[in-house]
Amino acid sequence: MTTAALTFYGVVKRFGRRMALDGLSFRVPKGTSCGFVGHNGAGKTTAFSVVCGFLRADKGMFDVLGHGPYDPHRHKGLVGALPQDAELPDRHTPRELLRHLGRLQGASSARARAESDALLDAVLLTERRDTPIYTLSHGMKRRVAIATALVGRPPLVMLDEPLSGLDPVQAHAVRELLTKLRGEQTVVVSSHDLADLERISDWVVMLKDGKCLREGTVGEVTDQSRIVQWDLGPGEVPLARLAERLTDHAFTVDGDRLVQTAPDGALDRSSVVVMEELARAGIALRRVRRGVGLEKRFVDDVLGGG
Amino acid sequence: MTALRDIWLIAGFEIRRAIRSWRALALLVLYGVASGGATLLFTRFVGMLENTLADELNVAPTETPGTMLAQLVTSELWHRTVRHLVGSDHLADVLVTAPPLAVFGLWFGFLVVPFFAASASAECVAIDVSTRAIRYEAQRTGRLELVLGRFVGQLGLNAVATLAASAVVWVVAMTCMYGVQPVDLAVWLLAFAPRAWTFGLPFTALGTAASQLTASSAWARVLALGGTAGSWVVFGLVTSARREPWTTVADVVGPVLPQSWLQGLWEPGFGWLVSAAACAGLAAVALSVGYVRFSARDL
């Protein structure tokens with residue numbers, strides 16, 4: 001019994017002379033909500049497309065849910081995908097499309113009907129479910145597309161840029177929906193909005209130039225066990241006192257932010273010391289955050305050459 | 001069983017898509033209008049034949065086509081006309097017993113169905129490859145099931161078109177011709193409709209194959225219609241070849257042209273099923289050629 005929902009071993013995909021995936025290797029554990037991070041052209045969409053069988057890998061191996069490379073027969077009903085830039089078959093209504101895709105996933109007619117209606121409710125499209133897709137707005141189409149990936153309750157859901165083009169209310173509804181799937185289904189989400197990804201993910205795979213830069217839990221990737229960022233009110237940060245009391249820690253001040261770097265496992269103890277010293281110096285605490293944040297980690301890695 | 005279920009589901013979805021697309025609708029309307037117009041002209045032609053017959057019999061000419069239908073269908077004049085339409089004495093002997101408009105309806109169907117079938121099916125795969133909409137289904141079923149489903153869907157559309165054209169012929173006959181037996185004509189039209197549909201099989205496959213070869217629906221349509229028109233030209237050359245080596249070439253090329261099996265589709269009883277099987281075989285070959293490309297391409 002494999003514990004990985006998705007595993008890539010040295011996967012290569014070329015488009016002419018351009019290397020889209022350059023020996024890509026990573027794994028996504030089952031039941032996680034995985035953020036797929038990378039700059040434009042990093043290979044996110046290509047990797048998604050290889051997983052779903054839209055593109056064929058030139059070299060390497062990959063495994064989907066322990067059943068080998070993606071095969072629509074072997075993986076029937078096991079994978080749902082939101083392909084990026086794929087237009088919806090727009091002569092149908094959202095309800096017809098979802099029912100059709102649900103039935104192709106292997107669901108019975110009754111189950112496909114019930115699930116389609118429930119999903120259209122969840123993506124706030126109940127009122128437009130019987131109108132042709134070509135009459136819907138971009139955001140509505142996007143939500144229909146997201147619903148197509150979830151119909152049939154597949155164990156692995158691949159969502160390529162699900163939140164792009166959604167207004168804040170719609171994005172919130174979709175985030176809620178994705179959060180509910182945590183633990184029940186493995187969800188792989190790619191997005192350029194790293195704050196969003198950090199909120200909904202517990203596993204991260206970072207890509208750069210077709211290779212995996214980092215992978216691991218959000219905590220590991222953002223150093224949550226070693227770094228704390230303290231957003232402070234005005235006042236002189238007692239750096240000397242902190243260095244004196246926490247000799248194995250490093251402290252830096254960036255504007256009104258104090259960044260504390262600790263040895264593994266020492267944060268809980270040392271955080272109390274930091275709070276004491278800040279209180280003694282009369283400095284207000286505005287926000288505390290563990291780790292560097294996915295966005296900063298990604299930018300540092302990409303700009304720093306990985 | 002799963003494969004058959006998927007093909008069935010995709011076919012149903014494809015018919016609904018095709019019927020809602022303006023191109024297929026326009027083609028359907030065009031087919032119907034062309035059938036109606038051609039039938040109307042044919043009723044005039046029947047009127048002319050009747051008047052020629054009236055001259056021969058020294059009776060007064062008629063104003064309304066069909067007034068002398070009973071005499072016409074037993075005349076040598078009509079026998080000659082049918083022989084020209086079907087290209088065989090033996091078939092003409094049999095077909096003179098059928099209502100003239102049923103014979104004409106099938107003849108016209110054989111002429112038009114290939115172009116309708118090839119044009120409508122040319123966009124069945126390509127358009128969704130270009131917009132990537134094909135990914136929604138391709139991710140859930142095999143590519144073979146996908147192509148076969150779309151092909152079967154197009155065959156369903158052809159069936160709708162063929163039946164609609166038959167209905168138009170019947171309506172025109174009822175309104176513009178005297179002496180037509182409504183039930184008799186309807187039965188003959190319904191009996192002939194599957195033959196026109198069958199002749200459309202290889203051309204639907206040609207369109208579906210073209211649609212698999214390119215992601216551009218415009219190019220697919222050019223390939224499909226070019227192939228259809230080309231097949232008629234080649235058929236014309238094949239049937240007119242009289243000298244070696246062209247007769248040998250014609251013997252080789254002839255059987256792979258659907259038109260070579262056309263005469264067989266006029267055969268009475270179950271005789272036409274041999275030619276129908278040949279058309280189905282040609283369709284399978286055309287589909288396979290397209291599928292070789294489609295199965296290996298990135299979507």
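Is A:Glu198 buried or exposed? With a relative accessible area of 18%, A:Glu198 is buried, because the cut-off for buried is under 20%. Keep in mind as you read that this is a predicted model.

## A salt bridge in chain A

A:Glu198 has a partner: it forms a salt bridge with A:Arg289, and the closest N and O atoms are 3.1 Å apart. A:Glu198 sits in helix 6 (residues 194-200) of chain A and A:Arg289 in strand 13 of chain A, so the pair ties together parts that are 91 residues apart in sequence. A:Arg289 itself is partly exposed, at a relative accessible area of 26%.

## The sheet around strand 13

Let's follow strand 13 into its sheet. Four strands of chain A make up an open sheet in the order 11-12-10-13, with antiparallel pairing. Strand 11 (250-254) and strand 13 (285-290) of chain A are the edge strands, each pairing on one side only. From one strand to the next, the twist averages 20 degrees.

In chain A, strand 13 is joined by five bridges to strand 10 (residues 227-232), and the two run antiparallel. Here we meet A:Arg289 again, as the bridge partner of A:Gln229. Helix 9 (residues 267-280) of chain A lies across strands 10, 11, 12 and 13 of chain A, at about 20 degrees to strand 10.

## Another sheet in chain A

Chain A also has an open sheet of three strands in the order 2-1-4, with antiparallel pairing. Its edge strands are strand 2 (18-29) and strand 4 (59-64) of chain A, and the twist averages 15 degrees from one strand to the next.

Nine bridges join strand 1 (residues 4-15) of chain A to strand 2 of chain A. In strand 2 of chain A, A:Met19 stands opposite A:Arg14. Helix 1 (residues 44-51) of chain A lies across strands 1, 2 and 4 of chain A, running at about 115 degrees to strand 1.

## Salt bridges in chain B

Over all chains, the structure holds 33 salt bridges. In chain B, one network of salt bridges links residues including B:Arg17, B:Glu123, B:Asp128 and B:Arg150.

B:Glu123 forms a salt bridge with B:Arg17, with the closest N and O atoms 3.6 Å apart. B:Glu123 lies in the loop between helix 6 (100-121) and helix 7 (126-130) of chain B, and B:Arg17 in helix 1 (residues 2-20) of chain B, so the pair ties together parts that are 106 residues apart in sequence. B:Glu123 is buried at 4% relative accessibility, and B:Arg17 is buried at 11%.

For B:Arg150 and B:Asp128, the closest N and O atoms of the salt bridge are 2.8 Å apart.

Methods. Residues are numbered from 1 along each chain as its sequence is written. Chains are lettered from A and ligands numbered from 1 in the order in which they are written. This is a predicted model: local features need pLDDT of at least 70, side-chain atom pairs count only at pLDDT 80 or more; totals for chains, interfaces and linings use all residues. Side-chain values use heavy atoms; hydrogens and water are left out. Two strands pair if DSSP finds at least two bridges between them. Axes are lines fitted to C-alpha atoms, for helices over the stretch in contact, and angles run from 0 to 180 degrees between N-to-C directions. Contact means heavy atoms within 4.5 Å. A salt bridge is a side-chain nitrogen of Lys or Arg within 4 Å of a carboxyl oxygen of Asp or Glu. Buried means under 20% relative accessible area, exposed over 50%, partly exposed in between (1.4 Å probe, protein chains only).
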